[in-house]
Structures are given as structure tokens and as C-alpha cells.
Amino acid sequence: MSYYPASIQNLIKNIAKLPGIGEKTAERLALHLLRGSRQEAEQLANSILNIKDKVRFCSRCFALSDGDLCGLCGDPARDPSYLCVVEQPADMVAVEKSGAFRGLYHILSGTLSPMNGIGPEDIRIRELIARIGQDQVKEVVLATSTNVEGEATASYIAQVLEKHPVKVTRIASGVPMGGDLKYVDQVTLKRALETRHAV
Ligand SMILES: [Zn+2]
């Protein structure tokens with residue numbers, strides 16, 4: 001690496017900071033960018049800066065969004081009386097790919113984890129309760145992971161929602177225990193959503 005001029009060394013160093021990229025791959029990518037056109041390099045650099053400038057959380061469901069409302073919340077074809085509660089934006093994408101859900105989402109951004117000091121006020125449960133009142137939600141589908149933390153979070157939300165006039169369901173056991181939603185195949189996830197049960 002020290003055989004390269006400082007500018008290339010610097011690029012290699014920055015690419016190697018990305019997850020899953022080792023020094024060798026970083027070197028290969030840096031040389032690839034060097035060989036490419038200025039336009040390609042600009043497109044890559046600008047698209048990276050763009051996500052930092054533009055992407056924020058949807059003010060309604062907390063999905064990643066380029067505007068105040070995400071594409072799903074702004075889509076009149078979606079049924080706002082169904083809310084699917086997931087842990088992370090990637091889980092929402094997994095449920096969307098399954099094609100089994102036509103409602104809207106609520107992204108918690110994490111799970112309850114007393115061991116790590118993460119309590120109900122650290123994930124967006126208060127916002128979820130506020131939405132139920134405002135948006136005339138009929139059913140809340142709890143699609144958190146089936147690991148210990150995901151189950152504990154689903155139980156807690158179900159308990160909190162008991163006081164509210166809303167049906168609460170949990171995705172069915174098609175999702176393997178300990179399963180992280182985003183790694184579950186689409187068919188399994190579709191079945192798990194279709195055969196959800198009341199809690
Ligand atoms: Zn949204």
C-alpha cells in the first residue's frame with residue numbers, strides 16, 4: 001500500500017473502513033475508480049453525500065425517506081387501518097417483498113433490551129400509541145423478530161395496547177424461533193403474516 005501515492009492510499013484507507021471490505025478489496029476498488037471516468041466517480045461521491053443530506057425518517061412511520069412522508073405513507077392505495085410493527089427499516093422491506101401486507105408500517109428502531117439499558121421510551125412505542133388514536137387503526141400486526149428480545153417487545157406492546165380499542169396480532173410460527181425477519185424467505189414471511197394470530 002505504501003507504494004501508492006498518498007491520495008490513493010487515502011482512498012484505500014477510507015474504503016477499507018466499510019463493513020466486509022478488507023485491505024485487498026479496498027485496493028482493487030480504489031484502482032477501479034481511478035481507471036473509471038470522472039463522471040462515474042462524481043456519481044458515486046454525490047450519491048454518498050446525497051443520502052447524508054436527504055435521507056431522514058418518515059414523520060409518520062419512521063421508515064427511511066427522502067421527504068417528510070415516505071412513499072408508502074403517501075400512497076393512497078395503502079390501508080391505514082392496518083399497522084405492521086417492525087424493528088428496523090430492513091424488516092419493513094422484507095415484509096413488503098413478501099407482498100402479503102397492504103397496510104402501513106411502524107418502525108420501532110430496535111427492541112426492548114433491559115440488559116443494554118434499552119427501555120420502552122427508547123423505541124417508538126409512544127409514537128405507536130399516538131398513531132393508533134389518530135389514524136383509526138383497526139389492527140396492529142406485531143412483526144418483531146422471534147428471538148428473545150423480539151418476543152419480549154411484542155409482548156410488551158400487546159400488553160400496552162390492551163387498553164386501546166384495537167385488535168393486536170402476532171405473525172405466526174412460520175418464522176423460525178430466533179429468526180431475524182430480514183433473513184426469512186419471502187414465502188415463509190407471507191405465510192407467517194397470513195396466518196397471524198390474536199394476542
Ligand atoms: Zn412512512
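**View 1. Buried residues of H7 and their neighbours.** The buried residues of H7 pack against H4 and strand E5 (139–142). This is a predicted model, in which local features need pLDDT of at least 70 and side-chain atom pairs count only at pLDDT 80 or more, while totals for chains, interfaces and linings use all residues. Residues are numbered from 1 along each chain as its sequence is written, and side-chain values use heavy atoms, with hydrogens and water left out. Helices (H or I, at least four residues) and strands (E, at least two) are DSSP runs, numbered from the N terminus.

View 2. Thr188, Leu189, Ala192 and Leu193 of H7 are buried (under 20% relative accessible area; exposed is over 50%, partly exposed in between; 1.4 Å probe, protein chains only). Down the axis of H7, these buried residues fall within an arc of 130° (taken from the directions from the helix axis to the C-beta atoms), so they line one face of the helix. Val187, Arg191 and Glu194, on the other side of H7, are exposed.

**View 3. H4 against H7.** Helix H4 (residues 89–98) packs with helix H7 (residues 186–194) at an angle of about 85°, their axes 8 Å apart. Axes are lines fitted to C-alpha atoms, for helices over the stretch in contact, and angles run from 0 to 180 degrees between N-to-C directions. H4 is therefore roughly perpendicular to H7 (65 to 115 degrees). Ala94, Val95, Lys97 and Ser98 in H4 meet Gln186, Leu189, Lys190 and Leu193 in H7 (heavy atoms within 4.5 Å).

**View 4. Cysteines.** Cys58 is buried at 0% relative accessibility, and Cys70 is buried at 6%. The whole structure has zero disulfides (pairs of cysteine sulfur atoms within 2.5 Å).

Note on methods: Parallel < 35°, antiparallel > 145°, perpendicular 65-115°, else oblique.
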